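Please open the model in a viewer and keep the selection panel at hand.

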Amino acid sequence: MELFETREKTDRALLVCVDTGDFDAESSLAELFELTESAGAEPVASISQKLERYETATCVGSGKLTEIKEYCEAEEIDLIIFDCELTPTQIRNIEAETDVRVIDRTTLILDIFSQRAISKEGKLQVELAQLKYLMPRLTGKGIALSRLGGGIGTRGPGETKLETDKRHIRRRMETLKEQLRDVENHRNELRRRREKNSVITVAIVGYTNAGKSTLMNYLTDAGVLAENKLFATLDPTSRSLKLPSGVTVMLIDTVGFVRRLPHHLVEAFKSTLEEAAKADIILNVCDISSEEASLHLKVTEDLLKELGCGETPIISVLNKCDLVETEVEEIRINSSVKISARTGEGVENLLTAIEENLPVRVKRLKLLIPFANASLVAEIRKTGTLLSEEYTAEGLEVEAIIDEKFWHKVRDYVIE
């Protein structure tokens, strides 16, 4: 089921914000501009109104709605985008008054997601989120769409068009959930295999458009789409990364976050976000050139707490430092590194920070292995990382990085 049309013509969009004091309206509106551009529309202008609460029928006041209508007629506006979630009644009333198509913030984000999804899982998650959003917004057209008949053989309870639509959507949602469970089981199996093989995972998370994919590409040549757009990357990408010490980790790029991300979107992408929740180390990337860098870090950290990442080491990666002329102030934090994923500045410090936060199960040791047990060196090459090897009179002196599962075999030969 296609819920959003693809149009070749670029829509001219008017953005509307109602400031009730519940959030920073100016920052949210600036983000809506970026979201609109990412969706492929042209944000022409914005109109704001301060209200204590949204108007039940039209979200904005009647005078402001008249102003919106006149502006749309004068500037040939194709689309009105509200920076809040609208009810079906509000959308219908605003469209009737302005004669312009109306969508809300959630619909816009869903449209971007539907454009960006590439993998099977991503497409399934997007469609499920769209259907969850559409379900309560289905409105009947009255008796005109009723399937009740008036002749012989047509009497009975019947079924309205609205009920039919809802039944089809419920059935499709169950099918999608079942398919997603299969995909999730496969993902969990891969995760269990990584854990069994003691693969260390490092998840790249952060606000959308912070440079996560650029960092991923710089470190691993992953070839991930990296554009100056919100939600350029939707599907998670995994690549191996060898650290300077010789330890190999699995680097995972994840979907970006935004403030006021609709709850059912978080739910739909929970299995994807669990890649971050199950990681050994988390890189929280933010755009340090943004005036709201601290807020972006907090939005991400709050969502990570919701996912249960409280005990996981989190490194705050202050990206795009090459765009900041003055010295970047220390924003905080438990552990932070300034880098430029575009130029490579500071990346060595980032790799060092990752090594310092490696889980305890990885040990770097110097060993003196007797010649009689020289086969252990071959095992180290296979299961760990052999950094150096030297023949001495007493045996083989090696420096290696090993997993804790291999510890019992070599602990008697540890020098330091």
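Helices (H or I, at least four residues) and strands (E, at least two) are DSSP runs numbered from the N terminus. Contact means heavy atoms within 4.5 Å. Axes are lines fitted to C-alpha atoms, for helices over the stretch in contact, and angles run from 0 to 180 degrees between N-to-C directions.

The model is predicted: local features need pLDDT of at least 70, side-chain atom pairs count only at pLDDT 80 or more, and totals for chains, interfaces and linings use all residues. Residues are numbered from 1 along each chain as its sequence is written, and side-chain values use heavy atoms, with hydrogens and water left out.

Two strands count as paired if DSSP finds at least two bridges between them. Strands of a sheet pair through backbone hydrogen bonds, either parallel or antiparallel.

Now select β5 and β8, which run parallel and are joined by 5 bridges. Within β8, Val 285 stands opposite Gly 206.

**The nonpolar cores**

Which residues touch the most other members of the largest nonpolar core? Select Leu 215, Leu 243, Val 249, Leu 283, Ile 315, Leu 350 and Ile 354, out of 27 residues in that core. A nonpolar core is a set of buried Ala, Val, Leu, Ile, Met, Phe, Trp, Tyr and Cys residues joined through side-chain atoms within 4.5 Å. Buried means under 20% relative accessible area, exposed over 50%, and partly exposed in between (1.4 Å probe, protein chains only).

Elements giving two or more residues to this core are β5 (200–206), α7 (212–220), β7 (248–253), β8 (281–287), β9 (314–319) and α11 (347–356). The largest share, 5 residues, comes from α11.

Centre the view on Leu 283. Leaving aside neighbours within four places in sequence, Leu 283 is in contact with Val 202, Ala 203, Ile 204, Val 205, Ile 315, Val 317, Leu 350 and Ile 354. Another core, of 22 residues, lies apart from this one; among its members are Leu 29, Leu 32, Tyr 207 and Val 299.

**The four-stranded sheet**

Move to the open sheet whose 4 strands are ordered β2-β1-β3-β4, with parallel pairing. Its edges are β2 (42–50) and β4 (101–104), each with a single partner strand, so one side of each has no neighbour in the sheet. On average, neighbouring strands here are turned by 25 degrees against each other, direction ignored.

Select strand β1 (residues 12–19), which is joined to the parallel β2 by 8 bridges; Val 16 stands opposite Ile 47 in β2.

**Salt bridges**

A salt bridge is a side-chain nitrogen of Lys or Arg within 4 Å of a carboxyl oxygen of Asp or Glu; the count by this rule is 13. Show the side chains of Arg 12, Glu 42 and Glu 75, which are linked in a network of salt bridges.

- Arg 12 and Glu 42: the closest N and O atoms are 4.0 Å apart. Arg 12 lies in strand β1 and Glu 42 in strand β2, so the pair ties together parts 30 residues apart in sequence.
- Glu 75 and Arg 12: the closest N and O atoms are 3.8 Å apart. Glu 75 lies in helix α2 (residues 62–75) and Arg 12 in strand β1, so this pair ties together parts 63 residues apart in sequence.

Arg 12 is partly exposed at 24% relative accessibility.

**The cysteines**

Finally, select the cysteines. How many disulfides does a search of the whole structure find? The search finds 0, a disulfide being a pair of cysteine sulfur atoms within 2.5 Å. The sulfur of Cys 84 is 3.7 Å from the closest cysteine sulfur, in Cys 59, too far for a bond. For Cys 17, the closest cysteine sulfur is in Cys 84, at 7.8 Å, also too far for a bond. Cys 17 is buried, at 2% relative accessibility, and Cys 84 is buried, at 5% relative accessible area.
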